[in-house]
Amino acid sequence: MELIDGAYPLLEGVFAFTDVAAACKDVDVAVMVGGYPRKAGEERKDVMAKNVSIYKSQASALAENASKDVKVVVVANPANTNALILAENAPSIPRENITCLTRLDHNRALGQVSERTKTHVTAVKNVIIWGNHSSTQYPDVNHGIVAGKPIRAVVGDDAWLNGEFISTVQQRGAAIIKARGLSSALSAANAVCNHVRDWVCGTPYGSWVSMGVVSDGSYGVQPGLVYSYPVTCSGGKWHVVQGLPIDDASKERMRTTEAELVEERDLALQCLAEKSAAAQ
């Protein structure tokens, strides 16, 4: 109802489906918001097993019914690993077309720097979210700028940038849940729009954004993991920004979030194997 009430000029119509195959028919962009959240008292493996089932079935529906060039954005948590499950079970979809949302974290980092420097957010560029969309993510400002000047120079407070800034971005989702009793809504929807717009239309010259993409081994990250990188976009494709110098402290944080993704991947693949064995 609110989509209709918004009178959006680009909205052609709203259609509801109960059949996942019908919902995926000829789609060009799929925003995957369905998932099973962990509840009090539940084991992590039980939650992963439920998400494996969800994303295995949705992967099949997309592979069989969507446009051959479908672009996929996984939003539901654990977003990176849900995207990996989808990629494992939809081999006909190019792996570079399967992504997860870390743009919300990226935007949160922009917002924190904007507030701290009392600068309009449009003047803040090139922050990076490395790794997992979780509390291990690494919000990195070492290559970012504010009005053309390095963020660290403008902020002038490395203790804040290396401490409170990072933890605030990492824990922002939890803070919003605590404040309103629900997870992010408007900011998450806006981030999805940002993600898709830049992927399809391209990023501005000289700027990059953060996207969770299938690793090709860049920056020493294990190939095949869905890992958040700085990317530029053009011609409907993303490209990892290469050659950025990474200091030792950043390398350690990047390895920490990678290790969590490896653990999640292994658990997800174990759940897939057990599900396949049970079906035989």
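1. A word on terms before anything else: a residue is called buried under 20% relative accessible area, exposed over 50%, and partly exposed in between, with a 1.4 Å probe and protein chains only. On that scale D157, at 24% relative accessibility, counts as partly exposed.

2. Keep in mind that this is a predicted model, where local features need pLDDT of at least 70, side-chain atom pairs count only at pLDDT 80 or more, and totals for chains, interfaces and linings use all residues. Residues are numbered from 1 along each chain as its sequence is written, and side-chain values use heavy atoms, with hydrogens and water left out.

3. On to the charged pairs. The structure has eight salt bridges (a side-chain nitrogen of Lys or Arg within 4 Å of a carboxyl oxygen of Asp or Glu). One of them joins R116 to D157, with the closest N and O atoms 3.0 Å apart. That pair links distant parts of the chain, 41 residues apart: R116 is in helix α5, and D157 in the loop between α6 (151-155) and α7 (158-162). Helices here are DSSP runs (H or I, at least four residues), as are strands (E, at least two), numbered from the N terminus. R116 is partly exposed too, at 39%.

4. The R103 and D198 side chains also form a salt bridge, 2.8 Å from N to O. R103 sits in helix α5 and D198 in helix α10, so the pair ties together parts 95 residues apart in sequence. R103 is buried at 8% relative accessibility, and D198 is buried at 5%. R197 joins these two in a network of salt bridges.

5. R103 turns up again in the second largest pocket: among its 24 lining residues, R103, H106, N107, L110 and V121 lie nearest the centre. A pocket, on a 1 Å grid over the protein atoms alone, is an open set of points with protein on both sides within 12 Å along at least five of seven lines; lining residues have an atom within 4 Å of a point. The volume is about 500 Å³, taken as the space filled by probe spheres set on the points, which are joined across faces, edges and corners. Helix α5 gives the most to this lining, with eight residues.

6. Lastly, there is one cavity of 30 Å³ or more, a cavity being a set of points where a 1.4 Å probe fits but cannot get out. N80, T81, L84, L225, V226, L261 and R265 line the largest cavity, and α4 gives the most, with three residues.
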